[in-house]
Amino acid sequence: MTDKAPDPTRRNERSRQAILAAAIELIKEVGYARVSVEAIAARAGVGKQTIYRWWPSKAAVVFDAFLALNPAAPGELPDTGDIVADLRLVLHATVAEFNDPDFEAAYRALNTDVQDDPALGERMREQVLRPTLATVKRRLAAAQEAGQVRRDVDLDVVVEVLYGPFYYRWLLRTGELTTGYADDVLTLFVRALSG
């Protein structure tokens, strides 16, 4: 029997997962502003240099932690032939996601840093926002072809009109983000877009 050396890939992945988990835990516990790379390293049980080897900043760590919360790229939306039912399903899932404590902690942190970090903003747009909005736009285009959505509307604007109220309410905390709210927004949305 021979002794095998530890697999560095597995060790690195364990460290990576520990770092990502530590970032989310600390943000939830003390708030994004009080989290440091040093604190993340200590919580994860790694050296600060390990974090800086893989990420250039605290925001980059948090962004990857955020992506790890929902690693699957957005697939296609359901197409039951009923755009209202399909959008209701998606909007209810959006409400659940925004109300998830881990998602909320990371996403609020990113919304803070993206204001002053153009590179982070671009990553967020390319890896999170644009794929999500494109998926919804494709489903709306199919509904447009089926006569369920007016043909004279710009679907890029339509998608932002659909999601805008959710971001506004969540980001500014103007009210509770509930499935009832989602249904109300969807009702107004459908009235405006019916053919």
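Student: Which side chains meet in a salt bridge at 3.4 Å, N to O, with Arg 130 as one partner?
Tutor: Arg 130 pairs with Glu 122, 3.4 Å from N to O. Keep in mind that this is a predicted model.

Student: Are those two buried, exposed or partly exposed?
Tutor: Arg 130 is partly exposed, with a relative accessible area of 40%. Glu 122 is partly exposed too, at 33%.

Student: What does the Arg 43 and Glu 25 pair tie together?
Tutor: Arg 43 sits in helix H2 and Glu 25 in helix H1, residues 8-30, so the bridge ties together parts 18 residues apart in sequence. Arg 43 is partly exposed, at 35% relative accessible area. Glu 25 is partly exposed as well, at 36%.

Student: Switching to H2 itself. Which of its residues are buried?
Tutor: H2 spans residues 37-44, and its buried residues are Val 37, Ile 40, Ala 41 and Ala 44.

Student: Why do they line one face?
Tutor: Down the axis of H2, the buried residues fall within an arc of 100°, so they line one face of the helix. An α-helix has 3.6 residues a turn, so residues three or four places apart point the same way.

Student: What follows H2?
Tutor: Gly 45, with a positive phi near 75°.

How values were computed. Residues are numbered from 1 along each chain as its sequence is written. This is a predicted model: local features need pLDDT of at least 70, side-chain atom pairs count only at pLDDT 80 or more; totals for chains, interfaces and linings use all residues. Side-chain values use heavy atoms; hydrogens and water are left out. Buried means under 20% relative accessible area, exposed over 50%, partly exposed in between (1.4 Å probe, protein chains only). Helices (H or I, at least four residues) and strands (E, at least two) are DSSP runs, numbered from the N terminus. The arc is that of the directions from the helix axis to the C-beta atoms. A salt bridge is a side-chain nitrogen of Lys or Arg within 4 Å of a carboxyl oxygen of Asp or Glu.
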